[in-house]
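Here is a short briefing on one structure. Have the sequence and the 3D view open as you read.

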Amino acid sequence: METIIQILARELERPEQHIENIITLLDEGNTVPFIARYRKEMHGAMDDQAIRTLADRLQYLRNL
């Protein structure tokens, strides 16, 4: 069975490490604009729309 990180990495076509880093940042309470602007080294320069999509999808998958 796939983990949430694997599902998001496949859907967004991004490395699992970047997805895991973004999830960690979101769980720490960081906002999408902050992550997009100041944590580029952790997510491979994903734009804010891609990070917002990830955050929305993460919430959906967690609520399942």
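On the face of H5 turned away from its buried side sit the exposed residues Gln-59 and Asn-63. The model is a predicted one.

**Helix H5**
- Helix H5 covers residues 48–63, which makes 16 residues.
- Its end C-alpha atoms are 23 Å apart. At 1.5 Å a residue the helix should span 22 Å, so the two values agree.
- The buried residues of H5 are Ala-50, Ile-51, Leu-54, Ala-55, Leu-58 and Leu-61.
- Viewed down the axis of H5, these buried residues fall within an arc of 140°, so they line one face of the helix.
- In general, an α-helix has 3.6 residues a turn, so residues three or four places apart point the same way.

**What H5 packs against**
- H2 and H5 pack at an angle of about 75°, and their axes are 11 Å apart.
- Angles of 65 to 115 degrees count as roughly perpendicular, so H2 and H5 are roughly perpendicular to each other.
- From H2, the contact is made by Ile-19, Ile-22, Ile-23, Leu-26 and Asp-27.
- From H5, Ile-51, Leu-54, Ala-55, Leu-58 and Arg-62 take part in that contact.

**His-43 in helix H4**
- His-43 is placed in helix H4, which runs over residues 40–43.
- Is His-43 buried or exposed? His-43 counts as buried because its relative accessibility is 0%, and the cut-off for buried is under 20%.
- Its contacts, leaving aside neighbours within four places in sequence, are His-18, Ile-22, Ile-35, Ala-36 and Ile-51.
- Ile-22 and Ile-51 are also among the residues that make the contact between H2 and H5.
- The side chain of His-43 reaches the backbone nitrogen of Ala-45 at 3.3 Å.

**Two loop residues with positive phi**
- Ala-45 lies in the loop between H4 and H5. Its phi is near 65°, a positive value in a residue other than glycine.
- Ala-45 counts as exposed, because its relative accessibility is 52% and the cut-off for exposed is over 50%.
- Glu-13 lies in the loop between H1 and H2. Its phi is near 55°, again positive in a residue other than glycine.
- Glu-13 is exposed, with a relative accessible area of 70%.

Notes
Residues are numbered from 1 along each chain as its sequence is written. This is a predicted model: local features need pLDDT of at least 70, side-chain atom pairs count only at pLDDT 80 or more; totals for chains, interfaces and linings use all residues. Side-chain values use heavy atoms; hydrogens and water are left out. Helices (H or I, at least four residues) and strands (E, at least two) are DSSP runs, numbered from the N terminus. Buried means under 20% relative accessible area, exposed over 50%, partly exposed in between (1.4 Å probe, protein chains only). A polar contact is a pair of N or O atoms within 3.5 Å; within protein, one must be able to donate a hydrogen and the other to accept it, and residues adjacent in sequence count only if both atoms are side-chain atoms. Contact means heavy atoms within 4.5 Å. The expected span of a helix is 1.5 Å times one less than its number of residues. The arc is that of the directions from the helix axis to the C-beta atoms. Axes are lines fitted to C-alpha atoms, for helices over the stretch in contact, and angles run from 0 to 180 degrees between N-to-C directions. Angles under 35 degrees count as roughly parallel, over 145 as roughly antiparallel, 65 to 115 as roughly perpendicular and the rest as oblique.
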